[in-house]
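Take a look at the chain shown here and follow it part by part.

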Amino acid sequence: MPDFGYTISSDRQIDYDRSDQRIAKYLVEHEPSFRYCFACGTCTATCSAGLFTDFSLRNLIGNIKRGEVKKIKMEAGKCMLCGKCQLACPRGVNTRNVVLGIQRAIETYNL
């Protein structure tokens, strides 16, 4: 293929009708405060694991809402469950239970 000086990026649109929403539905059922998250980033700003790794709870929650299971599986184990994010959350989301719920959903659905 000839090089014209540019590349075509892959499509970044998310088809919510075909995305895997099992983890999101599991979380809403088992941790109702998950629905209150609007991804402000306060959790990521206070994250202890984020200081030592590339972990971001904000990105993890975004991936859950988009149904990107592969990314969720890679990120879910990085959380140290210290609870700082839960204390800082302006919406009162129980982030510890969210992370634990993600891990349980992965086991439940054999993802």
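A salt bridge is a side-chain nitrogen of Lys or Arg that lies within 4 Å of a carboxyl oxygen of Asp or Glu. The model shown is a predicted one, and a search through the whole of the structure gives five salt bridges.

One of the pairs to look at is Lys-78 with Glu-75, where the closest N and O atoms are 3.1 Å apart. This pair counts as a salt bridge because 3.1 Å falls within the limit of 4 Å. Glu-75 has a relative accessibility of 13% and counts as buried, because buried means under 20%. Lys-78 is partly exposed, with a relative accessible area of 27%.

With Asp-54 it forms a salt bridge in which the closest N and O atoms are 2.5 Å apart. Where do Lys-78 and Asp-54 lie? Lys-78 is in the loop between α5 (69-76) and α6 (84-88), while Asp-54 is in the loop between α3 (48-52) and α4 (57-66), so the pair ties together parts that are 24 residues apart in sequence. Asp-54 is exposed, with a relative accessible area of 57%. Through shared partners, the salt bridges join Asp-54, Glu-75 and Lys-78 into one network.

Another salt bridge links the side chains of Arg-22 and Asp-20, with a distance of 2.8 Å from N to O. Both ends are partly exposed: Arg-22 has a relative accessible area of 35%, and Asp-20 has one of 22%.

Now consider the protein as a whole. How many helices and strands does the secondary structure contain? There are seven helices and zero strands, and reading along the sequence gives the pattern α-α-α-α-α-α-α. Taken along the principal axes, the C-alpha atoms fill a box of roughly 55 × 30 × 25 Å. The protein has 111 residues, of which 37% are buried. The exposed surface comes to about 7500 Å², and carbon and sulfur atoms supply 52% of that area. Contacts can also be sorted by how far apart the partners are in sequence. Of the contacts between residues at least 6 apart, 67% join residues at least 24 apart.

The segment before α1 holds several residues that can be taken in turn. Ile-8 is found there, and with a relative accessible area of 75% it is exposed. Together with Phe-4 and Tyr-6, Ile-8 makes a nonpolar surface patch of about 440 Å².

Is Arg-18 buried or exposed? Arg-18 is exposed, with a relative accessible area of 73%. Along the chain, Arg-18 and Ile-64 are 46 residues apart, and their C-alpha atoms are separated by 14 Å.

Ser-19 is likewise in the segment before α1, but Ser-19 is buried, with a relative accessible area of 17%. Its side chain is joined to the side chain of Gln-21 by a polar contact of 2.9 Å. Apart from neighbours within four places in sequence, Ser-19 is in contact with Arg-66 and Gly-67.

Glu-31 is buried and yet has no salt bridge. The side chain of Glu-31 does make a polar contact with the side chain of Ser-33, at 2.6 Å. Leaving out residues up to four places away in sequence, Glu-31 touches Asn-94, Asn-97 and Val-98.

Terms used:
Residues numbered from 1 in each chain as written. Predicted model: local features only at pLDDT ≥ 70, side-chain atom pairs only at ≥ 80, totals over all residues. Heavy atoms only, no water. Buried < 20%, exposed > 50% of the residue type's maximum accessible area, 1.4 Å probe, protein only. Lys, Arg positive; Asp, Glu negative; His and termini not counted. Polar contact = N/O pair within 3.5 Å; in protein donor to acceptor, adjacent residues only side chain to side chain. Contact = heavy atoms within 4.5 Å. Patch = residues over 30% accessible without salt bridge, like charges linked within 9 Å, V, L, I, M, F, W, Y side chains within 5 Å. Areas by Shrake-Rupley, 256 points an atom, 1.4 Å probe, with all protein chains shown as cover. Helix = DSSP H or I, 4+ residues; strand = E, 2+ residues; numbered from the N terminus.
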